[in-house]
Amino acid sequence: MARSDHHDHDRHDRPHAADPPTQEAAGERRKLRRGLGAIAVLGGLLVLAGVVGLAYTAFATLTSMLLFGWLLLIGGLVGLLHAVQARGTNYFWLGCVVAALDLAAGVVVIRHPEGTAEALTMFAALLFLTGGVFRLVGGLVVRGPQFGWTLVQGAFGILLGVLVLGNWPDSSRYVLGCFFSLALLFDGLGLLATGLGGRRIVSLVQQAEEPPKGEQPVQDRSQT
């Protein structure tokens, strides 16, 4: 009987291993940190691409047009595949027409990227002009709480449209590339902030859950 009590006493004196839920939580935190690290790396790459694109806007414009053309081609092929799978339904002919238009537009964009850039630049300038006029007129008519900010946006849109149209078609060499590079830059900054901030939060949570150094975990001891 005394031997059995001594055995139970030794068993309770041994340090307990980490509980399975704690180990599982630690594993989840490591996975989360790796995922956030990958997001931060992707954000850094996008920031780098945006900076390079702003330095070489003509190259960025050509790259964005080629990327746009390949996306149209891929979208057309996927749409054609879906249309073939839906043969015998009312969607078949509509899907074929849309896929054919995407394929044709993709081929034109890839073969004539500079002409496509000129057309899209003019379209963007007209959008700036019309959007600026509508904001300006709407702000003067409504006179809402954001009256001053609406007028500034409208005036800026009109000014930007006039500047782009005034230098067209030369402006087509850098306008789209500049917009594309700025989009990459801001998206990359957002992903970089998300990844680094998320890793910092995970580290703070892990530090809060860990016991201070020098403090031993409480061990259960049964009465002998």
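Buried means under 20% relative accessible area, exposed over 50% and partly exposed in between, with a 1.4 Å probe and protein chains only. This is a predicted model, in which local features need pLDDT of at least 70 and side-chain atom pairs count only at pLDDT 80 or more, while totals for chains, interfaces and linings use all residues. Residues are numbered from 1 along each chain as its sequence is written, and side-chain values use heavy atoms, with hydrogens and water left out.

**View 1. The protein chain holds seven helices and zero strands.** Helices (H or I, at least four residues) and strands (E, at least two) are DSSP runs, numbered from the N terminus. Read along the sequence, the pattern is α-α-α-α-α-α-α, and buried residues account for 23% of the 224 residues in the protein chain. Contact means heavy atoms within 4.5 Å; among contacts in the protein chain between residues at least 6 apart in sequence, 81% join residues at least 24 apart.

**View 2. Helix H3 (residues 57–85) packs with helix H5 (residues 113–142).** Two packed helices are described by the angle between their axes and the distance between the axes. Here the angle is about 95 degrees and the axes are 9 Å apart, where axes are lines fitted to C-alpha atoms, for helices over the stretch in contact, and angles run from 0 to 180 degrees between N-to-C directions. H3 and H5 are therefore roughly perpendicular to each other, since angles under 35 degrees count as roughly parallel, over 145 as roughly antiparallel, 65 to 115 as roughly perpendicular and the rest as oblique. Thr61, Leu62, Met65, Leu66 and Phe68 of H3 make the contact with Pro113, Thr116, Ala117 and Leu120 of H5.

**View 3. Thr116 has its place in helix H5.** At 12% relative accessibility, Thr116 counts as buried. When its neighbours within four places in sequence are left aside, Thr116 is in contact with Met65, Val108 and Val109.

**View 4. Helix H4 (residues 91–111) has 21 residues.** H4 reaches 30 Å from its first C-alpha to its last, close to the 30 Å expected at 1.5 Å a residue, the expected span being 1.5 Å times one less than the number of residues. The buried residues of H4 are Phe92, Gly95, Cys96, Ala99, Gly106 and Val109. They cover an arc of only 165 degrees around the axis, which puts them on the same side of H4; the arc is that of the directions from the helix axis to the C-beta atoms. What covers these buried residues of H4 includes H3 and H5, whereas the face of H4 turned away from its buried side carries the exposed residues Trp93, Leu94, Leu101 and Arg111. Ala104, also in H4, is partly exposed, with a relative accessible area of 42%.

**View 5. Helix H6 (residues 147–166) has 20 residues.** From its first C-alpha to its last, H6 reaches 28 Å, close to the 28 Å expected. Gly154, Gly157, Gly161 and Val164 are the buried residues of H6. They cover an arc of only 105 degrees around the axis, which puts them on the same side of H6, while the exposed residues Phe156 and Gly166 are carried by the face turned away from the buried side of H6.

**View 6. Ile201 lies in helix H7 (residues 175–209).** Ile201 is exposed, with a relative accessible area of 53%. The C-alpha atoms of Ile201 and Arg33 are separated by 9.7 Å, although these residues are 168 residues apart along the chain.
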